[in-house]
Structure formats: structure tokens, C-alpha cells
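Let's take a friendly walk through a protein model, one piece at a time. Have a look at the picture first, then read on.

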Amino acid sequence: MIKDKRINKIEEYVTKHKSVSLDELMSVFDVSKNTIRRDIQQLVEGGDFKKVYGGITVSDNKRTKLESFQDRQVRNQTEKELIGKIASNHVEDGDVIFIDSGTTTIEMIEFINNKQVTVITNNIDFIVRALPYENLNVITTGGILERKTNSFGSLKYMDVLNAYNIDKAFMASTGVSLSNGVTNASPLESELKTSVINRCSEVFLLVDHNKFDKYGLMTYCRLDEIDYLITDKMPNEIYQDYAKKNEIRLILAV
């Protein structure tokens with residue numbers, strides 16, 4: 001196995017198991033202790049992992065924390081706009097779509113506000129910004145207000161989702177990895193996200209490149225449940241192979 005591919009696989013393995021000994025890595029990847037030491041040193045230098053006695057563990061910054069909508073909104077703004085624009089190309093007149101809470105999905109409104117679309121959403125900012133556009137039939141999910149994400153979550157009743165056949169869902173995530181799937185930092189939102197995935201014909205995941213190999217508090221779906229993955233940079237070869245194997249269409253927002 002070539003070095004870069006082996007290091008990527010080690011990264012996924014450690015992320016999945018949280019903390020791993022050198023001896024375990026030697027056994028799993030069938031390499032010498034010196035090779036493993038060099039490999040994990042490269043991971044440590046990347047900042048997402050740290051050495052512990054006899055092994056390696058996930059650093060605190062590998063796991064994403066719940067940040068306020070305002071703090072996330074100013075980060076990678078240009079990339080988010082491009083992703084939102086590309087995602088909007090897949091929305092057609094007459095569609096019933098779900099738009100998730102998130103600082104990337106909110107960008108879609110600038111590119112669908114001239115279309116005749118029914119939008120189901122828990123995204124408060126989308127609801128407010130949609131007010132001038134009578135062609136957008138907006139249906140809110142309701143639920144408990146999650147102030148940090150400017151969204152509604154934790155539905156007690158799923159009547160809204162059960163009443164509609166959703167054509168396309170445009171989902172956000174705080175972190176994506178092969179080991180943990182598509183994750184979210186807010187427990188209030190996760191039940192809703194999972195329900196949407198189960199009700200939808202086509203699922204689009206909108207994430208910038210910084211979300212890869214990160215994970216949040218809760219997994220709301222497996223990565224192979226995604227149909228389209230829209231991002232601003234091509235992910236590494238492991239993700240490309242996984243997408244091809246699982247018939248996930250990778251789309252670059254350029």
C-alpha cells in the first residue's frame with residue numbers, strides 16, 4: 001500500500017476508534033513500528049491527532065463543537081455561496097424540497113427565489129428571507145427553537161414530514177467521515193434530519209472541504225445514503241473511491 005493511502009486509512013481507523021495503540025496499528029496495517037511512528041507523526045503534525053503513551057488519539061479539534069450560526073456564517077463565505085448556487089441548479093419548478101438549517105444551505109435562496117417551489121424547512125433564516133417571494137411556498141417544521149443554529153428541531157409530531165413526498169433534500173453537516181457518516185452537533189436537530197433522509201427521493205449533501213474527516217456529536221445518516229455530494233474541493237482518493245463504489249455523485253462548486 002502506498003504511503004499516502006495508508007496514512008489516510010490510518011486516519012480513518014484512529015478517528016473511528018478514538019484512541020489506538022502503536023501495536024494495534026502495526027498489526028492492522030502490517031507494517032513495522034518505525035513506519036507506524038513516522039505515519040502517526042505526520043498525522044500529529046496535521047493538528048487533528050495527538051500522541052499518547054504507546055499510541056495516538058483524536059485531538060479535541062477533530063470533533064466539531066456546536067457553534068453559533070453567526071460564527072459559522074462568516075467562515076468560507078465565498079465557497080458556501082458557490083456550493084449553494086450549484087445545488088440550486090438541481091431545483092426545478094414544481095419540486096417539493098427540504099432545505100436544512102446551515103450556513104451553506106441558506107445560500108440557496110438567492111438562486112431559487114424566482115422558481116415555483118414548495119420548501120419545507122427548519123431554517124429560520126430561510127423562512128425570514130423567503131418572505132418577499134410569493135412563488136416560494138414555505139412550510140415550517142416547527143418544534144423547539146435551537147438558538148445556536150437558528151433552527152427548529154426535536155419534533156414531537158412528524159405530521160408535516162409524513163404529509164409530503166419530498167423530491168429533494170438539501171442537507172448540511174458539521175462533519176463528514178467514512179467511519180462516522182454524516183454528523184451533526186445539535187441533538188435537537190438530528191431526529192428531524194434522519195426523518196427527512198428517510199422520506200426523501202434524492203439527498204444532496206452541501207459541505208465545504210473543511211468538513212471532511214471531522215465528526216459531530218450525533219450521526220444522522222450513513223454517507224452511502226447520500227445521492228449527491230456538493231463541495232468546493234475534490235476530497236481525497238479514499239472518498240472518491242467510496243463515492244464511486246456507492247454511486248454517490250461528487251459535484252465540485254467551481
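Helices (H or I, at least four residues) and strands (E, at least two) are DSSP runs, numbered from the N terminus. What you see is a predicted model, where local features need pLDDT of at least 70, side-chain atom pairs count only at pLDDT 80 or more, and totals for chains, interfaces and linings use all residues. Residues are numbered from 1 along each chain as its sequence is written, and side-chain values use heavy atoms, with hydrogens and water left out.

**The whole chain**

The protein chain has ten helices and 15 strands. Of its 254 residues, 52% are buried; that word means under 20% relative accessible area, while exposed means over 50% and partly exposed is in between (1.4 Å probe, protein chains only). The chain exposes about 12100 Å², and carbon and sulfur atoms supply 47% of that. These areas come from the Shrake-Rupley method with a 1.4 Å probe, and for residues only the protein chains shown count as cover. Now for contacts, meaning heavy atoms within 4.5 Å. Among those with a separation of 6 or more, 60% join residues 24 or more positions apart.

Take H1 to begin with. The expected span here is 1.5 Å times one less than the number of residues. Buried residues in H1 include Arg6, Ile7, Tyr13 and Val14.

H3 (residues 33-45) has 13 residues and reaches 18 Å from its first C-alpha to its last, close to the 18 Å expected. Which residues of H3 are buried? They are Thr35, Ile36, Asp39, Ile40 and Leu43. Seen down the axis of H3, these fall within an arc of 120 degrees, so they line one face of the helix. (The arc is that of the directions from the helix axis to the C-beta atoms.) An α-helix has 3.6 residues a turn, so residues three or four places apart point the same way. The face turned away from the buried side of H3 carries the exposed residues Arg38 and Glu45. And what covers the buried residues of H3? Helices H1 and H2 (22-29) are part of the cover, and so are strands S2 (49-52) and S3 (55-58).

| Residue | Where it lies |
|---|---|
| Val117 | strand S5 (residues 117-121) |
| Ser179 | loop between strand S10 (175-177) and strand S11 (181-184) |
| Ser190 | helix H9 (residues 187-199) |

Val117 is buried, at 2% relative accessible area. Its C-alpha is 8.1 Å from that of Val91, 26 residues away in sequence. Leaving aside neighbours within four places in sequence, Val117 is in contact with several residues, including Val91, Ile97 and Leu136.

Ser179 is partly exposed, at 25%. Although 164 residues separate Ser179 from Thr15 in sequence, their C-alpha atoms are 7.2 Å apart. Not counting residues up to four places away, Ser179 touches Glu12, Thr15 and Lys16.

Is Ser190 buried or exposed? With 4% relative accessibility, Ser190 counts as buried. Its contacts, again without residues up to four places away in sequence, are Asn184, Met218 and Tyr220.
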